[in-house]
Amino acid sequence: PGAAQSLVFDTNGTTAVGAFAFDPGSATSPTAAFTFAGGAYQALTVPGSTLSVATSINVAGLIVGVYEDLAGVRRGFANNAGTFSNVDFPGASGTQAIGVNDAGQIVGDYVDAANVEHGFVSNGGTFTTIDFPGATATVAAGINAAGDIVGQWLDATGSHGFLLQAGVFTPINFPLATSTTAFCINDTGEIAGFYTDAASNSHGFVYAGGAF
């Protein structure tokens, strides 16, 4: 209520999560995470943050997202029943937590000391890097109960989606699109995302059974 901009990124069927801003672009009105449940909105105040976005929630109510701390460092966070913890890839200069499955596995991206972006999956606090072969940058965005991961990778030709399943990468490119991002995957393997067409317009898509 009263926000000039509201974004919803995920829901577990009872609670939706996202971010809002009363005055987008204003330093005095930073973007802030929120939850929406039972018809009620609640700001999700991440300790020590100057801005925050809640990006995913699982069936147990575990919320993950990203925030900037007082030093301007981008960090991932997890909120478990009101208790916050950081999700920081070891040695990274910045981390984003983007997706979480019902087992609590978290995916996202981080930037290393050479300013290269990589995807990651965190399983019980153990981090594993995800790099699409030949990519200049990789982002992991969604993970389902089977551990299948989707996201985006970049090369000299632009940005592409991917599926990582049983250790095998498969590129996902919407036909005739100039860029494709796979953002989430459900437990039946349906993939949702967005793409940009030749006229620079953005569209959503669902990819299932090999068909867009």
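Predicted model: local features only at pLDDT ≥ 70, side-chain atom pairs only at ≥ 80, totals over all residues.
Visitor: Fine. How many aromatic pairs does a search of the whole structure find?

Guide: A pair here means rings of Phe, Tyr or Trp (its six-membered ring) with centres within 6.5 Å; planes under 30 degrees apart are called stacked, over 60 edge-to-face, and the rest tilted. Searching the whole structure gives 20 aromatic pairs. Take F132 and F162: the ring centres are 6.2 Å apart and the planes stand at 50 degrees, so this pair is tilted.

Visitor: Where do F132 and F162 lie in the chain?

Guide: Strands, by the way, are DSSP runs of E with at least two residues, and helices are runs of H or I with at least four; both are numbered from the N terminus. F132 belongs to the loop between β12 (126-130) and β13 (137-143), while F162 is in strand β15, so to speak a distant part of the chain, 30 residues apart. F162 is buried, at a relative accessible area of 0%.

Visitor: And why is the pair of F132 and F169 called edge-to-face?

Guide: Because the planes of F132 and F169 are at 70 degrees, with the ring centres 5.2 Å apart. F169 sits in strand β16 and F132 in the loop between β12 and β13, so this pair ties together parts 37 residues apart in sequence. F169 is partly exposed, with a relative accessible area of 22%.

Visitor: Which residues do ring pairs link into a cluster?

Guide: F20, F22, F34, F36 and Y41.

Visitor: Let's turn to sheets. What is the order of the strands in the open sheet of 4 strands?

Guide: Two strands pair if DSSP finds at least two bridges between them. This open sheet runs β1-β2-β3-β4, with antiparallel pairing. Its edge strands, each pairing on one side only, are β1 (5-11) and β4 (40-44). On average, neighbouring strands here are turned by 30 degrees against each other, direction ignored. For such angles, axes are lines fitted to C-alpha atoms (for helices, over the stretch in contact), and angles run from 0 to 180 degrees between N-to-C directions.

Visitor: How many bridges pair β1 with β2?

Guide: There are 6 bridges between β1 and strand β2 (residues 15-21), in the antiparallel sense.

Visitor: What is T35 in contact with, apart from its neighbours in sequence?

Guide: Contact means heavy atoms within 4.5 Å. T35, in strand β3 (residues 32-37), is buried at 12% relative accessibility. Setting aside neighbours within four places in sequence, T35 touches T15, A16, V17, A40, Y41, Q42, L44 and I63.

Visitor: Where is V66, and what does V66 contact?

Guide: V66 is in strand β6 (residues 63-69) and is buried, with a relative accessible area of 10%. Beyond neighbours within four places in sequence, V66 has contacts that include L51, V53, F77 and A97. The C-alpha atoms of V66 and N86 are separated by 9.2 Å, and these residues are 20 apart along the chain.

Visitor: Now the backbone. What is phi of A166?

Guide: Most residues other than glycine have a negative phi. A166 has a positive value near 55 degrees, though A166 is not a glycine. A166 lies in the loop between β15 (158-165) and β16 (168-172) and is exposed, at 78% relative accessibility. L176 is also a non-glycine with a positive phi, about 65 degrees. The loop between β16 and β17 (179-185) holds L176, which counts as exposed at 82% relative accessibility.

Visitor: Which residue in the turn between β17 and β18 has a positive phi?

Guide: G189, at about 90 degrees, in a hairpin with 5 residues between the strands. β17 and strand β18 (residues 191-196) run antiparallel, joined by 6 bridges; T181 has F194 of β18 as its bridge partner. In the hairpin of β18 and β19, S200 takes a positive phi near 70 degrees.

Definitions and conventions:
Residues numbered from 1 in each chain as written. Heavy atoms only, no water. Buried < 20%, exposed > 50% of the residue type's maximum accessible area, 1.4 Å probe, protein only.
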